[in-house]
Protein chains: 2
Amino acid sequence: MASTPRWRAALTKALNLPENKYQNVYQLATVDANDDPRSRTVVHRDILSPEGYQNLPILLTTTDVRTPKVSQIRGHPRVEITWWMGGSQDQWRIYGPVRLVPSPDVKIDSRSASQPSLALDRMDEQGFDWEKKRLDVFDGMSAHMKASWCRPPPGSTIKSYDEAKKWPQTVPKLGEAETDEDKRNQEQALRNFALVLVEAVEVDWVQLAEKPNQRTRFTRNGEEWKEEIIVP
Amino acid sequence: MASTPRWRAALTKALNLPENKYQNVYQLATVDANDDPRSRTVVHRDILSPEGYQNLPILLTTTDVRTPKVSQIRGHPRVEITWWMGGSQDQWRIYGPVRLVPSPDVKIDSRSASQPSLALDRMDEQGFDWEKKRLDVFDGMSAHMKASWCRPPPGSTIKSYDEAKKWPQTVPKLGEAETDEDKRNQEQALRNFALVLVEAVEVDWVQLAEKPNQRTRFTRNGEEWKEEIIVP
(Lines give C-alpha, C1' and ligand atoms only; values in the text may rest on other atoms or scores of the structure.)
Protein backbone atom coordinates (compact mmCIF):
# COMPACT_ATOMS: atom_id res chain seq x y z
CA MET A 1 0.00 0.00 0.00
CA ALA A 2 1.66 3.20 -1.24
CA SER A 3 1.45 6.14 1.13
CA THR A 4 -0.36 9.45 0.78
CA PRO A 5 1.96 12.25 -0.43
CA ARG A 6 2.44 14.96 2.16
CA TRP A 7 0.80 17.63 -0.01
CA ARG A 8 -2.41 15.61 -0.30
CA ALA A 9 -2.73 15.20 3.46
CA ALA A 10 -1.99 18.91 3.95
CA LEU A 11 -4.49 19.95 1.29
CA THR A 12 -7.24 17.82 2.82
CA LYS A 13 -6.46 19.23 6.26
CA ALA A 14 -6.54 22.83 4.96
CA LEU A 15 -9.80 22.23 3.12
CA ASN A 16 -11.41 21.04 6.36
CA LEU A 17 -10.41 24.13 8.36
CA PRO A 18 -13.42 26.25 9.38
CA GLU A 19 -11.76 29.38 7.91
CA ASN A 20 -11.65 27.68 4.50
CA LYS A 21 -15.35 26.77 4.63
CA TYR A 22 -16.36 28.35 1.31
CA GLN A 23 -13.09 27.69 -0.49
CA ASN A 24 -14.04 24.55 -2.34
CA VAL A 25 -13.55 26.28 -5.70
CA TYR A 26 -10.46 26.66 -7.83
CA GLN A 27 -9.41 28.03 -11.20
CA LEU A 28 -8.86 25.58 -14.04
CA ALA A 29 -6.44 26.89 -16.69
CA THR A 30 -6.49 25.50 -20.22
CA VAL A 31 -5.05 26.50 -23.60
CA ASP A 32 -7.35 27.39 -26.50
CA ALA A 33 -6.99 26.85 -30.25
CA ASN A 34 -4.97 30.10 -30.56
CA ASP A 35 -2.58 28.84 -27.85
CA ASP A 36 -3.99 31.52 -25.55
CA PRO A 37 -4.45 30.78 -21.86
CA ARG A 38 -8.03 30.47 -20.61
CA SER A 39 -9.15 30.03 -17.04
CA ARG A 40 -12.40 29.81 -15.10
CA THR A 41 -13.59 28.99 -11.61
CA VAL A 42 -14.91 25.47 -11.04
CA VAL A 43 -16.16 23.59 -7.97
CA HIS A 44 -13.95 20.91 -6.42
CA ARG A 45 -15.90 17.67 -6.03
CA ASP A 46 -13.58 14.87 -4.97
CA ILE A 47 -10.08 13.42 -4.90
CA LEU A 48 -9.81 9.91 -6.30
CA SER A 49 -6.94 7.45 -6.52
CA PRO A 50 -6.50 3.89 -7.75
CA GLU A 51 -7.20 1.28 -5.05
CA GLY A 52 -4.06 0.77 -3.01
CA TYR A 53 -2.38 3.82 -4.57
CA GLN A 54 -3.04 6.83 -2.36
CA ASN A 55 0.16 8.22 -3.88
CA LEU A 56 -1.58 8.82 -7.24
CA PRO A 57 -4.26 11.47 -6.58
CA ILE A 58 -6.69 12.69 -9.21
CA LEU A 59 -8.77 15.85 -8.67
CA LEU A 60 -12.35 15.67 -9.82
CA THR A 61 -14.47 18.56 -11.01
CA THR A 62 -17.35 18.67 -13.50
CA THR A 63 -18.46 20.48 -16.63
CA ASP A 64 -20.99 20.76 -19.42
CA VAL A 65 -19.63 18.99 -22.53
CA ARG A 66 -20.76 21.98 -24.64
CA THR A 67 -18.41 24.50 -22.93
CA PRO A 68 -15.25 25.83 -24.64
CA LYS A 69 -13.06 24.24 -21.96
CA VAL A 70 -14.04 20.80 -23.27
CA SER A 71 -12.77 21.49 -26.78
CA GLN A 72 -9.71 23.19 -25.24
CA ILE A 73 -8.98 20.09 -23.15
CA ARG A 74 -9.41 17.86 -26.19
CA GLY A 75 -6.98 20.03 -28.15
CA HIS A 76 -4.43 20.26 -25.34
CA PRO A 77 -4.99 17.73 -22.54
CA ARG A 78 -2.76 19.29 -19.89
CA VAL A 79 -4.07 21.81 -17.35
CA GLU A 80 -3.18 23.67 -14.20
CA ILE A 81 -5.45 24.12 -11.21
CA THR A 82 -4.84 27.15 -8.97
CA TRP A 83 -6.46 26.71 -5.59
CA TRP A 84 -6.22 29.75 -3.35
CA MET A 85 -7.56 29.13 0.15
CA GLY A 86 -7.82 32.66 1.49
CA GLY A 87 -8.89 31.57 4.97
CA SER A 88 -5.61 29.81 5.73
CA GLN A 89 -3.56 31.76 3.13
CA ASP A 90 -2.48 28.63 1.24
CA GLN A 91 -2.03 28.36 -2.51
CA TRP A 92 -1.93 25.01 -4.28
CA ARG A 93 -1.01 24.84 -7.94
CA ILE A 94 -1.69 21.40 -9.38
CA TYR A 95 -0.47 20.57 -12.88
CA GLY A 96 -0.99 17.44 -14.93
CA PRO A 97 -2.81 15.56 -17.67
CA VAL A 98 -6.59 15.80 -17.79
CA ARG A 99 -9.28 13.41 -18.94
CA LEU A 100 -12.98 13.94 -19.60
CA VAL A 101 -15.66 11.40 -18.73
CA PRO A 102 -18.75 12.37 -20.74
CA SER A 103 -22.00 10.46 -21.20
CA PRO A 104 -21.51 7.18 -23.12
CA ASP A 105 -23.99 8.69 -25.62
CA VAL A 106 -21.66 11.59 -26.41
CA LYS A 107 -18.87 10.92 -28.86
CA ILE A 108 -15.93 13.00 -27.79
CA ASP A 109 -12.39 11.81 -27.46
CA SER A 110 -12.33 11.42 -23.70
CA ARG A 111 -8.86 9.92 -23.31
CA SER A 112 -5.65 11.88 -23.27
CA ALA A 113 -4.12 8.98 -25.13
CA SER A 114 -0.82 10.68 -25.82
CA GLN A 115 -0.40 11.83 -22.23
CA PRO A 116 1.49 9.84 -19.61
CA SER A 117 -1.39 9.09 -17.32
CA LEU A 118 -0.37 6.65 -14.63
CA ALA A 119 -3.19 7.08 -12.13
CA LEU A 120 -6.03 7.21 -14.66
CA ASP A 121 -4.66 4.22 -16.58
CA ARG A 122 -4.32 2.24 -13.35
CA MET A 123 -7.94 2.94 -12.46
CA ASP A 124 -8.91 1.66 -15.92
CA GLU A 125 -6.86 -1.49 -15.34
CA GLN A 126 -8.58 -1.97 -12.00
CA GLY A 127 -11.92 -1.82 -13.83
CA PHE A 128 -13.07 1.39 -12.15
CA ASP A 129 -16.65 2.13 -13.26
CA TRP A 130 -16.40 5.71 -14.55
CA GLU A 131 -20.01 5.84 -15.69
CA LYS A 132 -21.22 4.82 -12.24
CA LYS A 133 -19.03 7.55 -10.73
CA ARG A 134 -20.42 10.07 -13.22
CA LEU A 135 -24.00 9.16 -12.25
CA ASP A 136 -23.16 9.26 -8.52
CA VAL A 137 -21.59 12.73 -8.77
CA PHE A 138 -24.54 13.98 -10.83
CA ASP A 139 -27.01 12.58 -8.33
CA GLY A 140 -25.18 14.20 -5.43
CA MET A 141 -25.83 17.69 -6.89
CA SER A 142 -28.79 19.83 -5.88
CA ALA A 143 -31.94 19.76 -8.04
CA HIS A 144 -31.15 23.35 -9.03
CA MET A 145 -27.58 22.50 -10.05
CA LYS A 146 -28.77 19.47 -12.06
CA ALA A 147 -31.01 21.83 -14.05
CA SER A 148 -27.97 23.89 -15.10
CA TRP A 149 -27.13 21.20 -17.70
CA CYS A 150 -30.55 21.68 -19.37
CA ARG A 151 -29.82 25.20 -20.49
CA PRO A 152 -28.97 26.16 -24.08
CA PRO A 153 -25.21 25.84 -24.81
CA PRO A 154 -23.18 27.83 -22.23
CA GLY A 155 -21.81 31.02 -23.75
CA SER A 156 -24.43 31.23 -26.52
CA THR A 157 -26.17 34.58 -26.82
CA ILE A 158 -29.73 35.22 -25.62
CA LYS A 159 -31.98 38.25 -26.01
CA SER A 160 -32.51 39.10 -22.34
CA TYR A 161 -31.78 37.81 -18.86
CA ASP A 162 -35.48 36.95 -18.60
CA GLU A 163 -35.08 34.08 -21.07
CA ALA A 164 -33.48 32.13 -18.26
CA LYS A 165 -36.81 32.06 -16.45
CA LYS A 166 -38.16 29.73 -19.14
CA TRP A 167 -35.46 27.13 -18.56
CA PRO A 168 -36.00 24.16 -16.21
CA GLN A 169 -35.29 25.28 -12.65
CA THR A 170 -34.93 21.85 -11.04
CA VAL A 171 -34.22 18.29 -12.17
CA PRO A 172 -35.09 15.40 -9.82
CA LYS A 173 -32.73 12.69 -8.58
CA LEU A 174 -32.19 9.61 -10.73
CA GLY A 175 -35.17 7.26 -10.43
CA GLU A 176 -37.40 10.04 -9.12
CA ALA A 177 -38.53 11.68 -12.39
CA GLU A 178 -42.32 11.42 -12.54
CA THR A 179 -43.51 13.65 -15.37
CA ASP A 180 -42.42 13.31 -18.98
CA GLU A 181 -40.90 16.75 -18.72
CA ASP A 182 -38.79 15.75 -15.71
CA LYS A 183 -37.66 12.64 -17.57
CA ARG A 184 -36.70 14.62 -20.67
CA ASN A 185 -34.82 17.19 -18.60
CA GLN A 186 -32.99 14.52 -16.66
CA GLU A 187 -31.92 12.84 -19.89
CA GLN A 188 -30.71 16.10 -21.36
CA ALA A 189 -28.81 17.09 -18.21
CA LEU A 190 -27.14 13.69 -18.02
CA ARG A 191 -26.15 13.89 -21.67
CA ASN A 192 -24.40 17.24 -21.08
CA PHE A 193 -22.83 16.43 -17.74
CA ALA A 194 -19.18 15.29 -17.71
CA LEU A 195 -16.45 14.62 -15.17
CA VAL A 196 -13.11 16.41 -15.48
CA LEU A 197 -10.21 14.44 -13.98
CA VAL A 198 -6.87 16.11 -13.34
CA GLU A 199 -3.99 13.79 -12.48
CA ALA A 200 -1.53 15.58 -10.20
CA VAL A 201 2.07 15.28 -11.39
CA GLU A 202 3.41 18.63 -10.09
CA VAL A 203 2.18 20.46 -7.00
CA ASP A 204 3.40 23.85 -5.81
CA TRP A 205 2.28 24.72 -2.27
CA VAL A 206 2.76 28.24 -0.88
CA GLN A 207 2.01 28.92 2.80
CA LEU A 208 1.62 32.66 3.34
CA ALA A 209 0.42 32.31 6.94
CA GLU A 210 3.88 31.00 7.85
CA LYS A 211 6.40 33.73 8.70
CA PRO A 212 8.78 33.63 6.89
CA ASN A 213 6.55 32.30 4.08
CA GLN A 214 7.10 28.69 3.04
CA ARG A 215 6.91 27.12 -0.40
CA THR A 216 7.32 23.50 -1.43
CA ARG A 217 7.40 21.86 -4.85
CA PHE A 218 6.30 18.24 -5.16
CA THR A 219 7.11 16.39 -8.39
CA ARG A 220 5.95 12.89 -9.20
CA ASN A 221 8.70 10.74 -10.75
CA GLY A 222 7.16 7.42 -11.66
CA GLU A 223 5.15 6.61 -8.56
CA GLU A 224 7.36 8.49 -6.11
CA TRP A 225 6.94 12.07 -5.00
CA LYS A 226 10.05 14.21 -4.74
CA GLU A 227 9.75 17.16 -2.35
CA GLU A 228 11.83 20.35 -2.65
CA ILE A 229 11.84 23.46 -0.51
CA ILE A 230 11.84 26.47 -2.81
CA VAL A 231 11.97 30.26 -2.58
CA PRO A 232 8.44 31.75 -2.28
CA MET B 1 -14.53 62.03 -22.91
CA ALA B 2 -15.32 58.35 -23.53
CA SER B 3 -17.50 56.68 -20.93
CA THR B 4 -16.70 53.90 -18.48
CA PRO B 5 -17.82 50.48 -19.74
CA ARG B 6 -20.58 48.96 -17.61
CA TRP B 7 -18.40 46.00 -16.53
CA ARG B 8 -15.76 48.32 -15.10
CA ALA B 9 -18.26 50.24 -12.99
CA ALA B 10 -19.82 46.96 -11.81
CA LEU B 11 -16.42 45.46 -10.97
CA THR B 12 -15.40 48.51 -8.94
CA LYS B 13 -18.72 48.44 -7.11
CA ALA B 14 -18.39 44.70 -6.34
CA LEU B 15 -14.82 45.14 -5.13
CA ASN B 16 -15.97 47.80 -2.66
CA LEU B 17 -18.69 45.61 -1.10
CA PRO B 18 -17.92 44.67 2.51
CA GLU B 19 -18.48 40.98 1.72
CA ASN B 20 -15.68 41.14 -0.87
CA LYS B 21 -13.24 42.71 1.58
CA TYR B 22 -10.41 40.16 1.16
CA GLN B 23 -11.06 39.43 -2.50
CA ASN B 24 -8.46 41.70 -4.02
CA VAL B 25 -6.61 38.72 -5.53
CA TYR B 26 -7.09 36.95 -8.84
CA GLN B 27 -5.52 34.21 -10.90
CA LEU B 28 -3.31 35.18 -13.82
CA ALA B 29 -3.14 32.50 -16.53
CA THR B 30 -0.22 32.36 -18.95
CA VAL B 31 1.17 29.87 -21.46
CA ASP B 32 4.63 28.34 -20.97
CA ALA B 33 7.30 27.29 -23.47
CA ASN B 34 5.61 23.86 -23.87
CA ASP B 35 2.30 25.59 -24.66
CA ASP B 36 0.99 24.37 -21.31
CA PRO B 37 -1.32 26.59 -19.29
CA ARG B 38 0.11 28.02 -16.07
CA SER B 39 -1.73 30.04 -13.48
CA ARG B 40 -1.05 31.62 -10.10
CA THR B 41 -2.72 33.96 -7.64
CA VAL B 42 -1.62 37.61 -7.74
CA VAL B 43 -2.74 40.74 -5.90
CA HIS B 44 -4.80 43.34 -7.76
CA ARG B 45 -3.21 46.78 -7.38
CA ASP B 46 -4.96 49.26 -9.63
CA ILE B 47 -6.99 49.93 -12.74
CA LEU B 48 -5.46 52.50 -15.10
CA SER B 49 -6.66 54.07 -18.31
CA PRO B 50 -5.37 56.72 -20.72
CA GLU B 51 -6.42 60.24 -19.75
CA GLY B 52 -9.85 60.92 -21.19
CA TYR B 53 -10.36 57.24 -22.09
CA GLN B 54 -12.14 55.54 -19.20
CA ASN B 55 -13.34 53.07 -21.84
CA LEU B 56 -9.85 51.55 -22.15
CA PRO B 57 -9.11 49.93 -18.76
CA ILE B 58 -5.82 48.26 -17.89
CA LEU B 59 -5.50 46.03 -14.81
CA LEU B 60 -2.30 46.42 -12.85
CA THR B 61 -0.60 43.74 -10.79
CA THR B 62 3.08 43.21 -9.95
CA THR B 63 5.75 40.55 -10.10
CA ASP B 64 9.41 39.69 -9.63
CA VAL B 65 11.18 39.79 -13.02
CA ARG B 66 12.90 36.50 -12.14
CA THR B 67 9.66 34.46 -11.97
CA PRO B 68 8.63 31.99 -14.71
CA LYS B 69 5.53 34.05 -15.51
CA VAL B 70 7.78 36.82 -16.85
CA SER B 71 9.44 34.57 -19.43
CA GLN B 72 6.01 33.08 -20.20
CA ILE B 73 4.58 36.55 -20.83
CA ARG B 74 7.55 37.43 -23.02
CA GLY B 75 7.03 34.25 -25.04
CA HIS B 76 3.26 34.66 -25.33
CA PRO B 77 2.01 38.16 -24.39
CA ARG B 78 -1.69 37.36 -23.98
CA VAL B 79 -3.21 36.35 -20.66
CA GLU B 80 -6.47 35.74 -18.88
CA ILE B 81 -7.33 36.95 -15.39
CA THR B 82 -9.94 35.00 -13.44
CA TRP B 83 -11.34 37.03 -10.57
CA TRP B 84 -13.72 35.14 -8.33
CA MET B 85 -15.36 37.34 -5.69
CA GLY B 86 -16.86 34.73 -3.39
CA GLY B 87 -18.54 37.28 -1.15
CA SER B 88 -20.88 38.55 -3.85
CA GLN B 89 -20.64 35.39 -6.02
CA ASP B 90 -19.33 37.25 -9.07
CA GLN B 91 -16.78 35.92 -11.55
CA TRP B 92 -14.89 38.23 -13.91
CA ARG B 93 -12.73 36.76 -16.64
CA ILE B 94 -10.58 39.41 -18.27
CA TYR B 95 -8.61 38.54 -21.39
CA GLY B 96 -6.15 40.64 -23.35
CA PRO B 97 -2.59 41.59 -24.23
CA VAL B 98 -0.11 42.04 -21.40
CA ARG B 99 2.92 44.25 -20.95
CA LEU B 100 5.70 44.23 -18.36
CA VAL B 101 7.24 47.37 -16.90
CA PRO B 102 10.56 46.29 -15.33
CA SER B 103 13.33 48.44 -13.93
CA PRO B 104 15.08 50.53 -16.62
CA ASP B 105 18.23 48.64 -15.53
CA VAL B 106 16.78 45.29 -16.56
CA LYS B 107 16.93 44.40 -20.21
CA ILE B 108 13.86 42.40 -21.00
CA ASP B 109 11.56 42.93 -23.92
CA SER B 110 8.84 44.77 -22.07
CA ARG B 111 6.60 45.63 -25.00
CA SER B 112 4.16 43.25 -26.60
CA ALA B 113 5.08 44.83 -29.88
CA SER B 114 3.16 42.42 -32.06
CA GLN B 115 0.00 42.72 -29.96
CA PRO B 116 -2.78 45.15 -30.73
CA SER B 117 -2.51 47.29 -27.64
CA LEU B 118 -4.71 50.34 -27.92
CA ALA B 119 -4.84 51.47 -24.30
CA LEU B 120 -1.16 50.91 -23.51
CA ASP B 121 -0.06 52.57 -26.75
CA ARG B 122 -2.29 55.57 -26.01
CA MET B 123 -0.76 55.96 -22.58
CA ASP B 124 2.67 55.92 -24.24
CA GLU B 125 1.52 58.61 -26.69
CA GLN B 126 0.24 60.69 -23.79
CA GLY B 127 3.71 60.47 -22.27
CA PHE B 128 2.61 58.47 -19.22
CA ASP B 129 5.57 58.06 -16.86
CA TRP B 130 5.70 54.27 -16.36
CA GLU B 131 8.85 54.39 -14.23
CA LYS B 132 7.25 56.89 -11.87
CA LYS B 133 4.21 54.62 -11.58
CA ARG B 134 6.48 51.63 -10.91
CA LEU B 135 8.23 53.52 -8.09
CA ASP B 136 4.90 54.72 -6.65
CA VAL B 137 3.40 51.22 -6.60
CA PHE B 138 6.60 49.85 -5.02
CA ASP B 139 6.59 52.55 -2.38
CA GLY B 140 2.95 51.87 -1.53
CA MET B 141 3.79 48.31 -0.46
CA SER B 142 4.55 47.35 3.13
CA ALA B 143 8.19 47.16 4.25
CA HIS B 144 7.76 43.38 4.56
CA MET B 145 6.37 43.06 1.03
CA LYS B 146 9.19 45.20 -0.38
CA ALA B 147 11.66 42.74 1.12
CA SER B 148 10.10 39.88 -0.87
CA TRP B 149 11.99 41.13 -3.96
CA CYS B 150 15.32 40.70 -2.15
CA ARG B 151 15.02 36.95 -1.90
CA PRO B 152 16.98 34.51 -4.10
CA PRO B 153 15.15 33.79 -7.41
CA PRO B 154 11.56 32.64 -6.73
CA GLY B 155 11.19 28.90 -7.32
CA SER B 156 14.89 28.14 -6.79
CA THR B 157 15.60 25.32 -4.34
CA ILE B 158 16.88 25.90 -0.81
CA LYS B 159 18.05 23.46 1.86
CA SER B 160 15.51 24.25 4.58
CA TYR B 161 12.68 26.63 5.40
CA ASP B 162 15.04 28.21 7.94
CA GLU B 163 17.15 29.73 5.18
CA ALA B 164 14.39 32.30 4.73
CA LYS B 165 15.21 33.70 8.18
CA LYS B 166 18.53 34.99 6.79
CA TRP B 167 16.86 37.05 4.07
CA PRO B 168 16.03 40.73 4.57
CA GLN B 169 12.72 41.00 6.43
CA THR B 170 11.95 44.64 5.66
CA VAL B 171 13.00 47.28 3.13
CA PRO B 172 12.38 50.96 3.90
CA LYS B 173 10.45 53.44 1.77
CA LEU B 174 12.27 55.27 -1.02
CA GLY B 175 14.40 58.04 0.43
CA GLU B 176 14.36 56.47 3.91
CA ALA B 177 17.20 53.95 3.60
CA GLU B 178 19.81 54.85 6.23
CA THR B 179 22.24 51.95 6.48
CA ASP B 180 24.28 50.61 3.58
CA GLU B 181 22.46 47.33 3.95
CA ASP B 182 19.05 49.02 3.60
CA LYS B 183 20.29 50.87 0.53
CA ARG B 184 21.61 47.67 -1.08
CA ASN B 185 18.37 45.83 -0.33
CA GLN B 186 16.27 48.64 -1.69
CA GLU B 187 18.29 48.68 -4.90
CA GLN B 188 17.99 44.94 -5.31
CA ALA B 189 14.24 44.96 -4.62
CA LEU B 190 13.69 47.78 -7.09
CA ARG B 191 15.70 45.94 -9.73
CA ASN B 192 13.50 42.83 -9.39
CA PHE B 193 10.16 44.60 -9.06
CA ALA B 194 8.02 44.94 -12.21
CA LEU B 195 4.51 46.02 -13.12
CA VAL B 196 2.25 43.66 -15.06
CA LEU B 197 -0.36 45.47 -17.18
CA VAL B 198 -3.30 43.59 -18.65
CA GLU B 199 -5.35 45.47 -21.22
CA ALA B 200 -8.96 44.29 -21.12
CA VAL B 201 -10.34 43.40 -24.56
CA GLU B 202 -12.80 40.66 -23.53
CA VAL B 203 -14.65 40.47 -20.22
CA ASP B 204 -16.96 37.65 -19.15
CA TRP B 205 -19.03 38.46 -16.05
CA VAL B 206 -21.05 35.77 -14.27
CA GLN B 207 -23.42 36.74 -11.44
CA LEU B 208 -24.27 33.68 -9.40
CA ALA B 209 -26.12 35.63 -6.69
CA GLU B 210 -28.78 36.50 -9.27
CA LYS B 211 -31.53 33.90 -9.62
CA PRO B 212 -31.71 32.84 -12.40
CA ASN B 213 -27.94 33.36 -12.80
CA GLN B 214 -26.82 36.09 -15.19
CA ARG B 215 -23.85 36.17 -17.53
CA THR B 216 -22.67 38.95 -19.82
CA ARG B 217 -19.88 39.05 -22.37
CA PHE B 218 -18.23 42.40 -23.15
CA THR B 219 -16.02 42.63 -26.23
CA ARG B 220 -13.99 45.67 -27.20
CA ASN B 221 -14.20 46.47 -30.91
CA GLY B 222 -11.90 49.38 -31.58
CA GLU B 223 -12.77 51.73 -28.71
CA GLU B 224 -16.37 50.58 -28.31
CA TRP B 225 -17.59 47.87 -25.98
CA LYS B 226 -20.19 45.47 -27.30
CA GLU B 227 -22.33 43.81 -24.62
CA GLU B 228 -24.06 40.44 -25.08
CA ILE B 229 -26.24 38.50 -22.69
CA ILE B 230 -25.11 34.88 -22.76
CA VAL B 231 -26.09 31.54 -21.23
CA PRO B 232 -24.31 30.99 -17.88
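Trainee: Let's start with strands. In which sense do β6(A) and β9(A) pair, parallel or antiparallel?

Mentor: Two strands pair if DSSP finds at least two bridges between them. Strands (E, at least two residues) and helices (H or I, at least four) are DSSP runs, numbered from the N terminus. Here, β6(A) and β9(A) run antiparallel and share six bridges. For one bridge, look at Tyr95(A), whose partner in β9(A) is Glu202(A). Keep in mind that this is a predicted model: local features need pLDDT of at least 70, side-chain atom pairs count only at pLDDT 80 or more, and totals for chains, interfaces and linings use all residues, while side-chain values use heavy atoms, leaving out hydrogens and water. Residues are numbered from 1 along each chain as its sequence is written, and chains are lettered from A, with ligands numbered from 1, in the order in which they are written.

Trainee: How many residues sit between β9(A) and β10(A) in their hairpin?

Mentor: Six residues lie between the two strands of that hairpin. β9(A) and β10(A) pair in the antiparallel sense, again over six bridges. Glu202(A) turns up here too, with Thr219(A) as its bridge partner in β10(A).

Trainee: Is β9(A) mostly covered or mostly open?

Mentor: Buried means under 20% relative accessible area, exposed means over 50%, and partly exposed is in between (1.4 Å probe, protein chains only). Strand β9 of chain A (residues 202–207) is mostly covered, with five of its six residues buried.

Trainee: Now a single residue. What does Tyr26(A) touch?

Mentor: Contact means heavy atoms within 4.5 Å. Tyr26(A) belongs to strand β1 of chain A, and it counts as buried because its relative accessible area is 0%. Leaving aside residues up to four places away in sequence, its contacts include Arg40(A), Val42(A), His44(A), Leu59(A), Ile81(A) and Trp83(A). With His44(A), there is also a side-chain polar contact of 3.3 Å. A polar contact is a pair of N or O atoms within 3.5 Å; within protein, one must be able to donate a hydrogen and the other to accept it, and residues adjacent in sequence count only if both atoms are side-chain atoms.

Trainee: Where can I find a capped helix end?

Mentor: Go to α4(A): Asp129(A) caps its N-terminal end, with a side-chain oxygen 3.3 Å from the backbone nitrogen of Glu131(A). Among the buried residues of α4(A), which covers residues 130–139, are Trp130(A), Val137(A) and Phe138(A).

Trainee: How many salt bridges are there over all chains?

Mentor: Side chains of opposite charge can pair when their charged atoms come close. A salt bridge is a side-chain nitrogen of Lys or Arg within 4 Å of a carboxyl oxygen of Asp or Glu. Over all chains, the search finds 36 of them. Take Arg6(A) and Glu227(A), whose side chains meet at 2.6 Å, N to O. They link distant parts of the chain, with Arg6(A) in helix α1 (residues 6–15) and Glu227(A) in strand β11, 221 residues apart. In chain B, Arg99(B) and Asp121(B) form a salt bridge at 3.5 Å, N to O. Since Arg99(B) lies in strand β6 and Asp121(B) in helix α3 of chain B, this pair ties together parts 22 residues apart in sequence. Arg99(B) is buried because its relative accessible area is 4%, whereas Asp121(B), at 34%, counts as partly exposed.

Trainee: How much area is buried between chain A and chain B?

Mentor: The size of an interface is often given as the accessible area lost when the parts come together. That buried area uses a 1.4 Å probe and is summed over both parts. Between chain A and chain B it is about 4400 Å², with carbon and sulfur atoms giving 54%. Tyr161(A), Ile229(A) and Val231(A) supply 18% of what chain A buries against chain B, more than any other three residues. The contact takes 49 residues from each of chain A and chain B.

Trainee: Which links join the two chains, apart from area?

Mentor: There are six salt bridges between chain A and chain B. One joins Asp36(A) and Arg78(B), at 2.7 Å, N to O. Salt bridges also link Asp32(A), Arg38(A), Glu80(B), Arg93(B) and Glu202(B) in a network. Strands join in as well: β11(A) pairs with β7 of chain B (residues 157–158) in the antiparallel sense over two bridges, and Ile229(A) stands opposite Ile158(B) there.

Terms used:
Buried area is the accessible area (1.4 Å probe) that two parts lose on being put together, summed over both.
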